[in-house]
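Let's take a friendly walk through this structure together. Have a look at it first, and then we will visit a few places in turn.

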Amino acid sequence: MIFKVRSKRMLKYEKTKSKLREFSVDKTEYPKFQLKSSDLLYTTIYALSTYCEKYHNFDYEEFFDNSKEDLKIAAQYFDYAVQSEEDLSYSNNLLLLGAVTYFILENFGNAKVLIGKINEEYIETSVEKLIYQILFILLFNSPNKVFSSEITQNIYDPIINSFRGHFSSGDTFDNIINNYNVIREKMAHSNEIFSVTYLDFLGPIIIIAQEYSSWNFLPKWTEMTEEGWDRYLNLDHSIHLLWPAQKMIIQEGVLQNQNCVVPLPTGVGKTRSFELLAYYKLIIQDRNNIVIIAPLRALCNEITTDLKFIFKDFSEIAITKFTDVYQEDTFFKTQKKNIIIATPEKFVFVLRHAPNLINYIDLFIFDEAHLFDDSSRGVDYELLVTEINRLANQNSQMVLYSAILSNSHDISNWLFGEEKNLSNSTIIATSNKSVGYIGNNTQIHFYERGESLEESYFVPNIVESVNLNINNNNFQKWFFPRTRSLADRKIDLCIYFTNKLVSNGAAATFVGKPASIKTIMSRMIEISSRQDVLTNQKQQTNKNEISKFKKLFSLHYDEDHIYTKTVSLGTLPHYANLIDGVREAIEYSIKIEDFKSIICTSTLAEGINIPIKYLLVHSLSQGRGKMENRKIANLIGRTARSGMHTEGTILLLDENLYERRNSDYQNKQKWLENREAFSNLNVEECKSKILSLVEPFSPDYGRHTATFQLISDILKIYYPNNNDWKIDFREEFSSLSNHLSLGAQATMQQIASNVFKVVNSLENYLSFIYAEVYEDEVFEEIVEDIAENTFAMYLATKSQREILLEIFNIIGDKVQQTLDNNNEFYYSKSLYGFDISTKIFEWTKINEEKLTTAETNVLIEKLFMLFFEIFENELEYDSIQYLSSIYDWIANRNIIHIQKHFEIDNFQKIEKLIRKIISYDFTFFIGSILDAVSESNEVLPEKLKRVQKMIKYGVRSSFSIEFCEKIINDRMIANVIAKELNISDTESQIFSSVIKYYSDSIILLLEDYPKYYKEKFELYLKSV
């Protein structure tokens, strides 16, 4: 290695300087550095030039491995030297050197960032322009880009033209190599040392470009001629230069029908591999159907939009996102090749109603595939994956993606019987991450990602307090940031650093619960009312979009609402229970940098791609528990996405965490746990929720521990032949925990509820299986086969396996006892357990005739009263309040109006009630009633479907339903358009024609709202 201890210390000094500049620290406050970090410039250039000069004389891989650490230091130095702004006259040179070095390191994301910062007008020499243009063509996928600054030396024309020819239309790569060798040979005998050196830089760039060229790589690894890929590669927006993650996925054999688990970091380009898989499967292999399963509706929308853009010129490919309503969708478009995008829950529902569908799927892609131990979705997710793995046709393929699967080998061995995962995925280069802890002395202590306890550097004298009532005579002084209490100070520090840093990149303040968003925003309004100190973030915001978001928030809330006020300060909210359209508009505005400040909950960690540079952590608490390390890892991965920033910064603003790290055992453990979480050193393994039935547990942090047989022993006593077994089970659990603390008793009841969820899921899944075979002996064999093939069984010990199998058989026996010729059709489709399914089935049979003739509001009332009767213990308010809110919800009332029905002042509770109870749980319930209606009844199903969609989307007219379902799910915007254009009921078949007819008027209306609405509308117009 060239760089020793002294050089590494100089690099840390350069990092410190870049952070000092980033945090706007006055140079007079800079610490006195013992070494002059600028002296490292010569050594870094020497390291790069030595490597590039000699690389072709060695075995490339071996030479690269020996030089890799030196090149990493060089790349970081060039990067940080630019950020420190010590000598702006060399910025372009350093950016180019950094881009070259990052590219050689195969860190294309960081190279792209640096190339994007270069002002080509200020590139002085022709050879530098040559390298800049080549890297721009490669990294920005722009082979036909016309550069404003021409290369004056004609000697370089052949090589730039050969790059254009290869990456735009697939001309042989030999042209590039031959032209490079000719130029290098000519320049070798000249006195232009500078040009010769830079031409040496170009050598490894060419080798890497050849290796990652899609024109070379894709035909080679799919055993196809170039012609097979021509149609895709000739698209302007296709991937012409693969990124390392995409190359690694292909090398694993996913384009050769290999099943695979892909545990790659967030933001390295793995999602774009979907388009490669889809093209190969549908066009080259001439298969027909692909299903992509993603956990969030927002993620489904994002994937759908991206794929529609990629395949917009492929008329034979239909891309369909299943609706969020629990009704049967049109599965496949005839005479088309299909890509279907769905949430796991919707796809389970679809399979219950069309089980043979699974036989026609050629490729299953699971995105964010780490839900097996999710508290609410884990069991159904595991059973879905198990079912697909068991029953899919023998030629189908499964590919599972996740950024936080620390035990991906377990998932792979379970599903495929061998370790088919990317074992060396950790070598994929990502942007740098720095974690900073603020101390009482306002210093920030930084730790590099991957380092646990060694502090890398610190930034001093960060926070400057402002007297907020400087212009009045109040006796009490109001300072910002506050110093009185830790809670108040954390809030102020979030606001302070956001305002300070947004000029460098978008900042997200992470909070543990939505209520904290309101708290922080209220403080922002209070601060601004006293003194205009948040000017920076306002200046970084698109002023036109501020007024448009104000109008949007006024529509959904009211003109005086906190969101309507805070948007004027340049800050937006983000959490799960926001209306879909509003949340998506917020995400879009952050992506295109119209806004740079967002306050968000854990939705940020769940796959949503928001390009933030700074993550300010207000709290890691979620309810009564703390955030899992793997969710923290996912959260950190959202900062500085590859190709957007070279470094992301995470700031933890609890001063006590750092200051008390050595004060006592408890605080020391808290510190160590935090460092492990933020160093990616202790990410929890993905487990099975089904396995929780046979695992030991403790309700009081280890003081008392139950054996792994306890749950199964109680189930065996109360579950068979007992429709009220849940009541008896709870009573038994209560008696076991009477001597424990109240907190432990509550935990025991939560464990009981989790048991019920697992059993309910197993009941409805096995009912579906039984209805398909309806032969007891065959069914019993299948039950054992299913049990043996679950992830739970794979992870279980021998003793646990025996008990798990016993539980499956007990539930299977009850399925056989419960289902008969009269009800098997219903139970096979119901997604509830037996107790609820039985009540729904019997009630529907008794009331079917009355429901058929009922008016809409009466029908809603009857349906909800049954829902309320069944779930009353889980509902917080009385039935009249819920019904009133439902009627207001579909009558276009805003959230604040609906809030008046409840004696609470927290509008976010109303949003949660609407989204979870009314829009999801109740419409899910209506879907189960729909399944219970007699096949001969043709009237009631249509009425139920209409009511279900009205309540799902919060609208009345069929036009608004279609708008929410097909264009954007925003009830208020849909109703604005319907009202302004005087459109009410529109048949689904003619909806697109109506939209086209009124398109100009609709676009004019949407101009008053955030850009996203017009963008989505125009995308829909292009698709019809």
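We start with helix α43, where the buried residues pack against α41, α42 (991-997) and α44 (1011-1023). Packing here rests on contact, meaning heavy atoms within 4.5 Å. Helices (H or I, at least four residues) and strands (E, at least two) are DSSP runs, numbered from the N terminus. Before going further, note that this is a predicted model, in which local features need pLDDT of at least 70 and side-chain atom pairs count only at pLDDT 80 or more, while totals for chains, interfaces and linings use all residues. Residues are numbered from 1 along each chain as its sequence is written, and side-chain values use heavy atoms, with hydrogens and water left out.

Which residues of α43 are buried? They are Ser999, Ile1002, Ile1003, Leu1005 and Leu1006, where buried means under 20% relative accessible area, exposed over 50%, and partly exposed in between (1.4 Å probe, protein chains only).

Two packed helices are described by the angle between their axes and the distance between the axes. The axes of α41 (residues 971-980) and α43 (residues 999-1006) come within 11 Å and cross at roughly 130 degrees. Axes are lines fitted to C-alpha atoms, for helices over the stretch in contact, and angles run from 0 to 180 degrees between N-to-C directions. On the α41 side, Ile973, Ile977 and Glu980 make the contact, and on the α43 side Ile1002, Leu1005 and Leu1006 do.

Elsewhere, Leu804 has its place in helix α32 (residues 798-818). Leu804 is buried, with a relative accessible area of 0%. Leaving out residues up to four places away in sequence, Leu804 touches Ile690, Leu691, Val694, Ala792, Met793 and Ala796.

Our last stop is Asn432, in strand β7 (residues 432-438). Asn432 is also buried, at a relative accessible area of 18%. Among the residues that Asn432 touches are Gln76, Tyr80 and Glu647.
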